[in-house]
Amino acid sequence: MTSTSTRHPSAQRRGRASRVASILVVVLILALLLIFFVLPIVWLLLAPTKTAGELLDLSPLSFGALSNVGAAWSHLVSFENGILFVWLKNSAIYSGGSLILTLATSIPAGYALALTRFRGRKVLLTITLLVMIMPSASLVLPLFLELNLFGLIGTVWSIILPFSFFPFGVYLVYIYFATSLPSEMLEAARIDGASEWQLFTRIALPLAKPVIALVAFFSFVGNWNNFFLPYLVLPSSDQFPIQVGLNQLLSSTPSFNPLAGKGLNIQSPELALSIIIAILPVLVVFLFSQRALVSGMLAGSTKG
Amino acid sequence: MTALNTGGRLTAPATPKLARRRAPRRRAGLAGYAFVAGYVILLLAFGVFPTLYAVYLAVTNDRGQFTGLGQFIKVIQDYRFGPAFSDILIYLVLWLVILVVLTVVVAVILRSRMRPGLSSVFRFLFYIPGALAGVASVLVWMFMLDPGVSPVSGLLNALGLSTFSEVIAPQSLPVIFVLIAFWTGAGGWIVVMYGALNNIPDEIIEAARMDGAGPWKSAWFIQIPMISKWIAYMTILAFAAGTQLFIEPQLLQSASLGRLNPTWSPNQLAYVLAFQFGDFNGAAAVSIFLLAIGLVGAGILVTRSGLFKADNE
């Protein structure tokens, strides 16, 4: 690098100019995206510190007062005798239960699709891809009728079981193992007499941590935020997950629904606070799985 | 889990030395079934069965009599059908172009133009809105698009928009939905793309640099081709997710106090048919159209992108 640049000073100058330009482009792109992604979050975090009137009058990014957060909180908690906590508990049960089932089924399935050969493998792979890309909302109505047929409407299972079916996860695991785990490695262990179960638990699983984290958080985030299915399948408010609960809060907010909600004390600051509460668990999950994500696929095994 | 356990034990016999060379294939085959069993049950119950049920509903009427293509013809002739599909098409084109270009560019920048610590901060900040996907993101963007409370009300005013109802004019809807979808979805995809880029051995990038390739050149000729599988994968999923747009137009419609079209997207049309008119068969027919579009798009990408390359080895 240095030897060539001393030989061609003009090329060096041109190189430096284009390097400056490309750094400017990079900085510009990142700065604009940063504002785009972060500004609404900042606004959201500040909103509960203001009263509904202050939201309109004060500068959008100003801080109101902590006492307003307390007031919004007590309005939220008193809404239908603390049903907010019931919604959060329901969300935890639905997304936690289906997360366990999703991992237990999709990790071994993706591994088997990538690294074992069995009859019907290609068919299964193709069906997985097809069902995965199929608009899942188009299945909600038939799912509703199916659950109705089997008498599962209004039960915990009517949410957990459909949520556990996660072909996206299977395909992520498949693609991960197919591109990152050489089958020669398994073949060698097989020759050494390892059982298939040992191959999976001793070789594949330790390497799979990044993709397990990836599947887990896509599954958890997707299920925690799912709205359509619970909205149709769960008849009563005390079974709602938080997302459907947010919808109920929205329709109780006078600023969005002038016809309803008078005297319920649910206004824009309360709504903003409930959004923050609703997304907190997902943020926590992301914080915990970030290290696994950042360590990046197979980096640990090839370099460590 | 227990099924897998027994599968492992069943297929771990004390193989005599001579048989060992041939045994693994068959053994792996049996183990393969055990490994996929749990997933296959879920697939049949909540993927295959409901799909067949949708097809069944779409070719019958409400008394279960076979009607052939009658339901499809009925919904195509519905005056709301054409507009709903052209709305979603405009949205999809805009959405996919912006998503693919920006996520790939950003992932490349985060992977090769800065220190890993800083890049993880960026990935975290870009991802955060993903936590609000669904109802929460629509609510936040209702605030963002309301010039009364929005932090970018100056920008909205500069565009000649001074009230919420002016902002959510019908011709602006595709742009608004792209904003919401990008805000909640792009960060997650940037994480995935970054992970894929991370999987490329440093030696390859290093070799390219030795050969005189700058960061943009090595991105275009090495990094992006090497993650093309993941790009195709993202495109397929974003396409499928895009066709099923529902919560966004639905909530905006109700916030517009009925001035927006309640059947803006095909899924809204299916919803209105099913839950306002009780026409489950017509709704299923609309769903089948969406499904067919998704399948055709996926088919093109699968055959063109080499997504199944691992399969042919």
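Predicted model: local features only at pLDDT ≥ 70, side-chain atom pairs only at ≥ 80, totals over all residues.

Tutor: Start with a cut-off. A residue is buried if 20 or more other C-beta atoms lie within 10 Å of its own. F280(B) counts as buried because 23 C-beta neighbours lie inside 10 Å. F280(B) sits in helix 15 of chain B, which covers residues 280-305.

Now its partners. Leaving out residues up to four places away in sequence, F280(B) touches L141(A), L57(B) and A274(B). One of these, L141(A), belongs to chain A. A54(B) lies 226 residues from F280(B) along the chain, yet their C-alpha atoms are separated by 9.3 Å.

Step out to chain B. Chain B has 16 helices and zero strands. Of its 313 residues, 45% are buried. Take the contacts in chain B between residues at least 6 apart in sequence: 68% of them join residues at least 24 apart.

Next, the contact between the chains. Chain B puts in 87 residues and chain A puts in 86. On the chain B side, helix 2 (residues 23-58) gives the most, with 23 residues. That side of chain B divides into 59 nonpolar, 23 polar and five charged residues.

Inside chain B, follow helix 9. Two other helices pack against it in the pairs below.

Helix 5 (residues 116-127) of chain B is one partner. Its axis and that of helix 9 (residues 173-198) of chain B come within 7 Å and cross at roughly 145 degrees. The crossing is left-handed. From helix 5 of chain B, R123(B), F126(B) and Y127(B) make the contact. Helix 9 of chain B answers with A186(B), G187(B), G188(B), I190(B), V191(B) and Y194(B). By class, this contact has six nonpolar, two polar and one charged residues.

Helix 4 (residues 81-112) of chain B is another partner. Its axis comes within 8 Å of the axis of helix 9 of chain B, and the two cross at roughly 35 degrees. Here the crossing is right-handed. The contact of helix 4 with helix 9 of chain B holds 23 nonpolar, two polar and one charged residues.

Now chain A. Chain A is divided into domain 1 (2-74) and domain 2 (76-303). Contact between them takes 13 residues of domain 1 of chain A and 11 residues of domain 2 of chain A. On the domain 1 side, helix 2 (9-46), helix 3 (52-57) and helix 4 of chain A each supply at least two residues. Helix 4 of chain A gives the most to that side, with five residues. By class, the domain 1 side has nine nonpolar, three polar and one charged residues.

Finish on helix 4 of chain A itself. It runs over residues 66-78 and has 13 residues. From first C-alpha to last it reaches 19 Å, close to the 18 Å expected at 1.5 Å a residue. Just after helix 4 of chain A, E80(A) takes a positive phi of about 45 degrees.

Terms used: Residues numbered from 1 in each chain as written. Chains lettered and ligands numbered in written order. Contact = placed C-beta atoms within 7 Å. Helix = DSSP H or I, 4+ residues; strand = E, 2+ residues; numbered from the N terminus. Nonpolar A, V, L, I, M, F, W, Y, C, P; charged D, E, K, R; others polar. Axes fitted to C-alpha atoms, helices over the stretch in contact; angles between N-to-C directions. Left-handed = near helix turned anticlockwise from the far one by under 90°. Expected span 1.5 Å × (residues − 1). Domains from an automatic or database assignment. Buried ≥ 20, exposed ≤ 12 C-beta atoms within 10 Å, placed from the backbone.
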